[in-house]
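Me: I would like to learn how to read the helices in a structure. Please take me through an example.

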Amino acid sequence: MSIDRREFLKVTAAVGAGTLVTAACTSVTTTSTASTASAATPDDTAARFKRCLETNGYSAAPSAPLVTGHEYNGGLQYTGAGISAQPEVNGSAPRVKQYVSQQVARMEDMAKKNSPGTLPIFSMIGPELASRADEDACASVILNFLVTEMALAPASLRVTTTDRAKHFFPILAQYGITESQIRLRPWDEAKRDGGGSGHFAPKGHPRGPAFDSFSIECMLSDGTDLEIAEFLFGGATRVTVGVIGVERVTMARNDRTMAWNDRLAAFKTAVEADAKRQNLPLPPGYYEVLGIAKPA
């Protein structure tokens with residue numbers, strides 16, 4: 001019997017070592033989180049990743065609304081950077097190199113709200129390409145940002161995927177992630193799951209995205225296995241999308257997780273503001289996440 005994705009990550013944690021490599025982003029820091037005077041913030045993580053992307057030739061593209069107006073996922077945006085900004089959503093054709101900053105909220109996470117690092121609302125930022133020609137370079141931008149700009153030790157990183165991502169293994173090795181740190185899932189299991197870490201195809205999603213993928217996790221000092229990024233490739237209609245979880249990368253920088261309740265107020269404010277901006281009613285997911293009754 002197959003196990004779910006989170007259990008897979010728990011039971012297959014491996015020990016690896018890596019070497020720090022030279023980076024291409026600007027404002028490089030090699031100071032570890034433990035030695036910084038104050039905790040990193042999501043705003044700082046986001047600003048630095050955007051600067052890194054722009055340095056590498058990516059331009060900002062519009063995000064999709066947080067409140068979607070359709071039934072899927074409680075009426076809230078599920079998918080992250082790149083996938084959210086489909087032409088049918090934002091009304092424009094994709095540029096060759098662009099990035100999207102996207103707020104998302106996933107109703108399925110309510111069942112996992114006591115798990116370290118699970119939040120009711122979070123931000124994803126990532127580059128996407130309209131051509132697969134620069135796929136390796138896109139992966140390198142993300143890996144470089146995590147290893148050099150964010151100073152995450154390569155030995156603390158893991159990758160979870162299937163054998164369909166083997167062509168990325170040399171790039172991972174350049175950033176200190178060796179094959180001993182790569183956890184391979186059976187393809188059939190990853191496809192059935194559809195949640196990423198091998199294959200991303202959320203069941204019931206109105207735009208039906210389907211990508212092969214690899215996820216990047218960071219092992220915190222308390223043993224928490226925290227997914228911080230996902231790289232999607234091989235899609236039939238889209239091309240290559242890389243994404244970091246802003247809050248998750250910040251947790252890795254601080255070596256400390258955030259809790260569900262830490263972000264409930266932010267969830268409430270963001271959903272209310274976006275619904276008002278679009279002149280839409282508050283979606284069902286708003287009431288479910290906050291645990292309040294919907295007015296008659």
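Reply: Start with length. Helices (H or I, at least four residues) and strands (E, at least two) are DSSP runs, numbered from the N terminus. The expected span of a helix is 1.5 Å times one less than its number of residues. Helix 8, residues 264-278, has 15 residues and should therefore span 21 Å; its end C-alpha atoms are 21 Å apart, which agrees.

Me: What kind of model is this, and how are the residues numbered?

Reply: The model is predicted: local features need pLDDT of at least 70, side-chain atom pairs count only at pLDDT 80 or more, and totals for chains, interfaces and linings use all residues. Residues are numbered from 1 along each chain as its sequence is written, and side-chain values use heavy atoms, with hydrogens and water left out.

Me: Which residues of helix 8 are buried?

Reply: Buried means under 20% relative accessible area, exposed over 50%, and partly exposed in between (1.4 Å probe, protein chains only). In helix 8 the buried residues are Phe267, Ala270, Val271, Asp274 and Ala275. They cover an arc of only 125° around the axis, which puts them on the same side of helix 8. The arc is that of the directions from the helix axis to the C-beta atoms.

Me: Why do residues three or four places apart point the same way?

Reply: An α-helix has 3.6 residues a turn, so such residues point the same way. On helix 8, the face turned away from the buried side carries Ala265, Thr269, Lys276 and Arg277, which are exposed.

Me: What do the buried residues of helix 8 pack against?

Reply: Contact means heavy atoms within 4.5 Å. The buried residues of helix 8 pack against strand 2 (97-104) and helix 9 (284-290).

Me: Which residue just after helix 8 takes a positive phi?

Reply: That is Asn279, with a phi of about 60°, although Asn279 is not a glycine. Asn279 is in the loop between helix 8 and helix 9, and at 70% relative accessibility it counts as exposed.

Me: What about the residue just after helix 7?

Reply: There Asp255 takes a positive phi of about 55°, and Asp255 is not a glycine either. Asp255 is found in the loop between helix 7 and helix 8. With a relative accessible area of 34%, Asp255 is partly exposed.

Me: How many residues of helix 7 are buried?

Reply: Nine of its nine residues are buried. They include Glu247, Arg248 and Arg253.

Me: At what angle do helix 2 and helix 7 pack?

Reply: Axes are lines fitted to C-alpha atoms, for helices over the stretch in contact, and angles run from 0 to 180 degrees between N-to-C directions. Angles under 35 degrees count as roughly parallel, over 145 as roughly antiparallel, 65 to 115 as roughly perpendicular and the rest as oblique. Helix 2 (residues 42-55) and helix 7 (residues 246-254) pack at about 110°, with their axes 9 Å apart. The two helices are therefore roughly perpendicular to each other. Helix 2 contributes Pro42, Asp44, Thr45, Ala46 and Arg48 to the contact, and helix 7 contributes Val246, Glu247, Val249, Thr250 and Arg253.

Me: How does the whole chain look?

Reply: Its secondary structure comes to nine helices and 10 strands. Of its 296 residues, 51% count as buried.
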